[in-house]
Amino acid sequence: MSGKRAEPTVSQMLVEARRRFTEVGIDSAAADARVLVAGLLGLSTTAIVTRGGETVANEQAILIEQAIERRLAHEPVHRILGEREFYGLPLSLSAETLEPRPDTEILVDTVLPYLRDLANTDGRIHILDLGTGTGAICLALLSECPEASGVGSDISADALRTAKSNAERNGLQDRFEAIQSSWFDSIHGTFHAIVSNPPYIASKVVHTLAPEVTKFDPLAALDGGRDGLDAYRTIAKDAARFIKPNGVVGLEIGYDQRNDVTDVFEAEGFKLLESVKDYGQNDRALVFALK
């Protein structure tokens with residue numbers, strides 16, 4: 001009789017992951033188990049059901065076990081997998097990039113019609129994504145708007161390496177440039193659209209966020225200063241010098257920041273064109289133009 005352990009099935013691994021996540025009170029236990037096990041096995045979340053009876057090689061089962069342990073220590077599923085899909089694009093993550101969230105897709109949805117109008121009038125258009133991180137916002141806009149080229153700027157060299165590799169992975173490298181810059185410091189030229197999902201959480205609140213965020217998302221991408229508005233003030237102060245006369249500024253904001261961010265931009269000569277809510281009915285994206 002062999003002492004070799006019987007190989008578990010896909011379904012057994014899935015049930016085990018879900019059970020352990022449920023035991024420690026992870027809200028999204030079933031979904032996390034499905035995405036994690038499917039991702040590690042290279043299956044779609046549909047195939048994981050239809051191929052549930054197939055066995056998992058012991059080496060793969062060990063990898064899944066290690067991943068389950070990481071999730072139990074609050075590491076987010078997509079960080080464990082090393083990638084996340086955003087606006088249909090597979091994007092790699094790294095230590096100094098924020099994990100792109102579905103709510104940020106609303107900023108892309110909101111800005112796209114403006115870009116298409118600008119492309120109709122100006123032909124080629126140019127986008128600046130401040131604090132680009134994985135490149136998510138800029139690359140999503142480029143993938144949807146073939147007339148556009150873009151600059152992704154970030155203070156982090158790690159983030160810029162990730163953004164460049166994501167551009168290559170999605171065939172957008174010819175229209176994407178990564179520039180290391182603190183906000184506008186190293187930026188030249190003018191743009192049809194300036195977009196950003198800046199850090200907007202007040203310093204005193206950051207430590208109260210879920211451990212999935214505080215332990216694994218980079219602090220620089222979260223901390224917006226004493227009142228959460230530091231980055232918006234910095235962007236608003238200089239944006240007029242870098243925006244074309246018919247251009248737009250598109251921003252993601254925190255759920256309670258619509259009025260404050262609007263005041264900051266109006267004080268610098270901008271007018272609010274549009275405010276859009278997220279799936280939870282919280283204010284999420286604002287679009288400004290020069291007055």
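## Fold, pockets and selected residues of a predicted model

The secondary structure of the protein comprises 12 helices and 9 strands, where helices (H or I, at least four residues) and strands (E, at least two) are DSSP runs numbered from the N terminus. The radius of gyration is 21 Å, close to the 19 Å that the globule rule gives for 291 residues, so the protein is as compact as a globular protein of that length; the radius is taken over C-alpha atoms, and the rule is 2.2 Å times the number of residues to the power 0.38. This is a predicted model, in which local features need pLDDT of at least 70 and side-chain atom pairs count only at pLDDT 80 or more, while totals for chains, interfaces and linings use all residues. Residues are numbered from 1 along each chain as its sequence is written, and side-chain values use heavy atoms, with hydrogens and water left out.

The C-alpha trace spans about 80 × 40 × 35 Å along its principal axes. Of the 291 residues, 49% are buried, a term that means under 20% relative accessible area, with exposed meaning over 50% and partly exposed in between (1.4 Å probe, protein chains only). Contact means heavy atoms within 4.5 Å, and among contacts between residues at least 6 apart in sequence, 66% join residues at least 24 apart. The accessible surface comes to about 13600 Å², of which 50% belongs to carbon and sulfur atoms; the areas come from the Shrake-Rupley method with a 1.4 Å probe, and for residues only the protein chains shown count as cover.

### Pockets

A pocket is an open set of points on a 1 Å grid over the protein atoms alone, where a 1.4 Å probe fits and protein lies on both sides within 12 Å along at least five of seven lines; lining residues have an atom within 4 Å of a point. Grid points are joined across faces, edges and corners, and a volume is the space filled by probe spheres set on the points.

| Pocket | Volume |
|---|---|
| Largest pocket | about 680 Å³ |
| Second largest pocket | about 500 Å³ |

Of the 28 residues that line the largest pocket, Tyr200, Ile201, Gly254, Tyr255 and Arg284 are the closest to its centre. The lining of the largest pocket has 15 nonpolar, 5 polar and 8 charged residues, where Ala, Val, Leu, Ile, Met, Phe, Trp, Tyr, Cys and Pro count as nonpolar, Asp, Glu, Lys and Arg as charged, and the others, Gly among them, as polar.

The second largest pocket is lined by 27 residues, with Gly131, Thr132, Gly133, Asp154 and Ala221 nearest its centre, and its lining divides into 12 nonpolar, 10 polar and 5 charged residues. Helix H7 (136–144) and strand S4 (148–154) each supply at least two residues of this lining. Helix H7 has 7 of its 9 residues buried, so it is largely enclosed by the rest of the structure.

### Selected residues

Serine 153 lies in strand S4 and is buried at 1% relative accessibility. Beyond residues up to four places away in sequence, serine 153 touches Leu128, Asp129, Leu130, Gly131, Thr132, Leu160, Ile179, Ser181, Trp183 and Ile187.

Alanine 239, in helix H11 (residues 230–242), is buried at 0% relative accessibility. With residues up to four places away in sequence again not counted, alanine 239 touches Phe184, Ile194, Val249 and Phe270.

Valine 205, in helix H9 (residues 203–206), is partly exposed, with a relative accessible area of 33%.
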